[in-house]
Amino acid sequence: MPDIQCFDEMWTADGTIRHTYQNFLNWFEQEDPKRLSRKQSETEELFRLTGITFNVYGREEAEERLIPFDIIPRIISARDWRKITRGIEQRVRAINAFLHDIYHRQEILRANRIPKNLISENAAFLPQMIGVSPPCDIYTHIVGVDLVRTDQGEFYVLEDNARTPSGVSYMLENRETMLQMFPELFSQINVRPVQTYPIDLLRSLASSTPSAISSKPTVAVLTPGIYNSAYFEHSFLADEMGIELVEKQDLRVIDGHLAMRTIQGYKRIDVIYRRIDDEYLDPLNFNPESQIGVTGIFDVYRAGHLTIANAPGTGIADDKAIYSYMPEIIKFYTGEQPLLKNVPTWRCIEKDSLSYVLDHLPELVVKEVHGSGGYGMLIGPTSNKREIEDFKNKLKAQPGNYIAQPTLALSTVPILAESGLSPRHVDLRPFVLVSTQGITVTPGGLTRVALEKGSLVVNSSQGGGTKDTWVLEE
Amino acid sequence: MLGRTANGLFWMYRYLERAENTARLVATGQRIALTRNRGADDEWRSILQTAAVNESYNEYYPSLTQDSAIDWMLRSEENPSSVFSCVVAARQNARMVRTALTGEVWEAVNAFYMHCNSVLKRHLPERDIPSTLIGIRQRTALVRGMTHGTMLRNDIFDFARLGTFLERADNTARILDVKYYVLLPSVTLVGSSIDNVQWESILRSVSARGGFRMEYGGAINSRDIANFLILDKRMPRSLAFCTSKLRDNLGYLTSTLNEVPPSYSQVECIKKNCLMSGIESIFEFGLHEYLQHFIMLLGNLSRQIEIDFQFCD
């Protein structure tokens with residue numbers, strides 16, 4: 001039975017099934033447990049064969065690894081999804097308005113809603129973008145919003161991913177796998193489809209072309225190459241959209257336009273979905289050491305001859321220090337109260353917060369402001385005295401580098417363990433597309449699950465797995 | 001299509017073809033070793049030569065044994081032409097051009113790689129070699145079958161075929177050349193009784209025993225074998241057959257271009273100058289000289305294709 005301290009999405013605290021999972025449970029109870037565990041192990045073979053792998057940096061022997069997949073779906077009711085969607089739309093609207101403002105008039109700074117140095121001293125702020133207006137004024141074409149569900153079942157935003165969010169290929173392949181494994185489930189339960197994502201993505205990319213383009217735009221995906229940890233996803237998306245997957249060596253700036261080398265010479269590219277960080281995008285304009293960037297691509301962009309998705313400089317919006325100001329940002333640009341809550345956050349750069357954090361480390365989670373992938377963080381409750389002491393020194397040395405949050409009791413969803421259903425902590429990353437027609441949230445997302453009992457770390461780089469995520473029809 | 005994608009496809013299929021050819025050579029060598037007691041080491045020497053890995057072998061091993069020769073050709077990660085290295089390279093290229101392949105082809109290549117990764121990772125005892133070679137052959141056949149059954153007949157397919165037939169022609173030419181060296185004394189004595197096992201080994205190395213028998217009956221002689229492997233247009237590994245496929249696929253690729261690229265002219269030249277005269281004149285010219293020239297022309301053609309289709313910057 002689930003841990004009573006946190007919200008279990010399948011069972012209520014007194015052990016009755018939640019309505020959302022009723023139909024699934026009916027099916028599950030009819031199934032032979034042996035068949036299910038066999039299916040569970042079949043999925044691994046399937047994933048390996050299709051090459052759904054990711055590369056772990058710094059581990060030679062395991063160049064390609066699988067993210068474990070659990071066959072028990074994570075189910076979200078139509079009602080909850082409506083709330084999530086509205087909250088995300090509001091947030092993404094605010095993020096785009098914030099980005100435009102911060103690279104133009106900086107009204108929000110003039111209004112003193114957020115401290116000036118938070119922007120001016122922030123490494124994610126790209127001075128080269130000041131005064132540059134992206135085509136169609138869209139900064140974030142693709143956003144992944146990380147949500148967690150806590151004690152009373154309410155959704156909180158844990159993180160906004162406004163640079164190059166990854167994981168969408170897992171959302172699609174997980175569904176594909178479930179359809180293959182358990183077709184009968186989908187005829188019994190009305191699950192909203194996610195398979196339109198690649199088409200929606202292509203449409204959204206093609207809609208935001210540079211203004212001078214009149215004919216059908218050429219769109220391409222830019223990858224650092226086959227050794228990148230997310231290469232599978234890059235090739236998967238290019239394949240699904242039916243567009244070229246390009247690398248630095250294919251590209252060149254010719255006559256003020258970006259062009260790719262085809263077997264019949266160079267061909268112009270109008271929109272590029274880049275999966276390369278700002279810093280490495282262009283050795284001429286950013287980090288000169290970049291081995292994966294395209295010389296002069298930013299000049300083409302600035303001249304309005306290319307759409308880069310997402311726009312350079314969007315990282316300032318998902319910076320963890322900015323995150324704590326998101327409620328302010330939403331109010332400032334939309335005039336509304338935030339529909340989705342932020343997790344309470346202490347900014348260690350503030351003196352009072354720092355001393356609170358230092359006193360309460362064993363119960364807090366401390367994150368690096370620019371970190372990701374679950375690296376460089378401290379989880380107070382599971383750390384020993386020495387780790388906490390070490391972290392205290394780091395905090396004192398560079399308080400501006402850290403934020404702290406309470407250790408959240410992430411909600412649980414069961415996985416299929418050897419003994420049967422067993423609850424594990426999960427989070428959720430829905431994927432959001434912004435186009436000239438508006439904001440689309442694909443009904444589903446990536447549910448990451450901490451496979452180890454009691455663990456709160458869901459990152460795939462640290463032993464997390466994934467689940468198919470079902471949003472039920474109205 | 002991107003030039004880099006064309007490059008990846010070309011090499012992916014070259015490596016697959018090479019893996020298959022190498023596996024077949026090992027099978028031939030093992031068979032000869034089993035049927036003859038003396039001279040087996042010489043046989044391995046000529047097989048290493050055929051696969052063009054003789055010199056690199058000598059750098060790694062002090063002496064020639066069947067065991068290490070097989071290891072070098074099948075499993076070695078040091079030998080870039082070993083079956084294992086070829087499969088790794090083919091799959092690496094496939095990963096690079098993943099968007100140009102159908103899911104079926106990709107999965108067949110990936111499964112081939114996974115298979116080799118498990119069976120070729122440790123030393124192979126002699127008794128496991130036949131079944132391992134069969135496994136390799138079946139998996140290359142699966143990739144080929146998926147390629148034929150699921151891929152569109154477009155430029156992607158053309159580059160895949162160019163890689164396949166360039167590698168195959170090169171392989172056939174080498175086998176014939178090396179084997180003739182070994183057989184030289186008997187070749188010069190036309191009509192003498194020759195070592196049937198050796199002749200058979202040539203046919204086995206190109207899977208042509210059945211086809212040859214059908215065409216020429218049981219008696220084997222040097223002239224017929226050379227004719228069969230060089231000029232017979234129906235024999236799928238002959239130089240004439242491979243060249244005509246290269247010409248076809250280059251023709252499809254260039255049909256939309258305004259001018260004929262040099263690679264197409266080159267393949268036309270190969271056809272006209274090397275494949276139109278009879279086997280007698282080839283013998284007159286000198287078979288060894290002829291084959292060496294042919295191998296060189298193939299190398300030039302490969303480089304010209306890379307240039308014409310902008311494989312690299």
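Trp11(B) and Tyr15(B) are four residues apart in helix H1 (residues 3–35) of chain B, so about one helical turn separates them. Helices (H or I, at least four residues) and strands (E, at least two) are DSSP runs numbered from the N terminus. The model is predicted: local features need pLDDT of at least 70 and side-chain atom pairs count only at pLDDT 80 or more, while totals for chains, interfaces and linings use all residues. Residues are numbered from 1 along each chain as its sequence is written, chains are lettered from A and ligands numbered from 1 in the order in which they are written, and side-chain values use heavy atoms, with hydrogens and water left out.

## Aromatic pairs and charges over rings

Over all chains, the structure holds 31 aromatic pairs. Rings of Phe, Tyr and Trp (its six-membered ring) pair if their centres lie within 6.5 Å; planes under 30 degrees apart count as stacked, over 60 as edge-to-face and the rest as tilted. Phe24(A) and Trp470(A) form an edge-to-face pair, because their ring centres are 6.3 Å apart and their planes stand at 85°. This pair links distant parts of the chain, 446 residues apart: Phe24(A) belongs to helix H1 (residues 22–30) of chain A and Trp470(A) to strand E21 (residues 464–471) of chain A. Phe24(A) is buried at a relative accessible area of 1%, and Trp470(A) is buried at 0%. Here buried means under 20% relative accessible area, exposed over 50%, and partly exposed in between (1.4 Å probe, protein chains only). The pair of Trp11(B) and Tyr15(B) is tilted, with 5.6 Å from centre to centre and 45° between the planes.

Phe24(A) and Trp470(A) also belong to a cluster linked by ring pairs, together with Trp27(A), Phe28(A), Phe182(A) and Phe186(A). The ring of Phe182(A) has the charged end of Lys39(A) over it, 5.9 Å from its centre. A charge sits over a ring if NZ of Lys or CZ of Arg is within 6 Å of the ring centre and within 35 degrees of the ring normal. In chain B, Arg153(B) lies over the face of Phe157(B), at 4.1 Å from the ring centre.

## Nonpolar cores

A nonpolar core is a set of buried Ala, Val, Leu, Ile, Met, Phe, Trp, Tyr and Cys residues joined through side-chain atoms within 4.5 Å. The largest one has 101 residues, and Phe159(B), Ile230(B) and Leu275(B) have the most contacts inside it. Apart from neighbours within four places in sequence, Leu275(B) is in contact (heavy atoms within 4.5 Å) with residues including Ile230(B), Leu239(B), Ile270(B) and Phe294(B). A second, separate core of 58 residues includes Met171(A), Met178(A), Leu185(A) and Val271(A).

## Hairpins in chain A

Strands E7 (residues 257–262) and E8 (residues 265–269) of chain A run antiparallel and are joined by five bridges; two strands pair if DSSP finds at least two bridges between them. Ala259(A) has Arg268(A) as its bridge partner in E8(A). Two residues lie between E7(A) and E8(A), which form a hairpin.

Strand E16 (residues 412–417) of chain A is mostly covered, with five of its six residues buried. Six bridges pair E16(A) with strand E17 (residues 420–429) of chain A in the antiparallel sense. A hairpin through two residues joins E16(A) to E17(A).

## Two single residues

Glu233(A) lies in helix H9 (residues 231–241) of chain A and is buried, at 3% relative accessibility. Beyond four places in sequence, the contacts of Glu233(A) include Pro165(A), Ser169(A), Tyr170(A) and Arg275(A).

Ser131(B), in helix H7 (residues 129–150) of chain B, is partly exposed at a relative accessible area of 48%. The C-alpha atoms of Ser131(B) and Leu287(B) are separated by 36 Å, and the two residues are 156 residues apart along the chain.

## The chains as a whole

Chain A has 16 helices and 21 strands. Of its 474 residues, 58% are buried. Its C-alpha atoms fill a box of roughly 65 × 60 × 50 Å along the principal axes. The radius of gyration of chain A is 23 Å, which agrees with the value near 23 Å for a compact globule of 474 residues. That radius is taken over C-alpha atoms, and the globule rule is 2.2 Å times the number of residues to the power 0.38.

Chain B has 16 helices and zero strands, and 57% of its 313 residues are buried.
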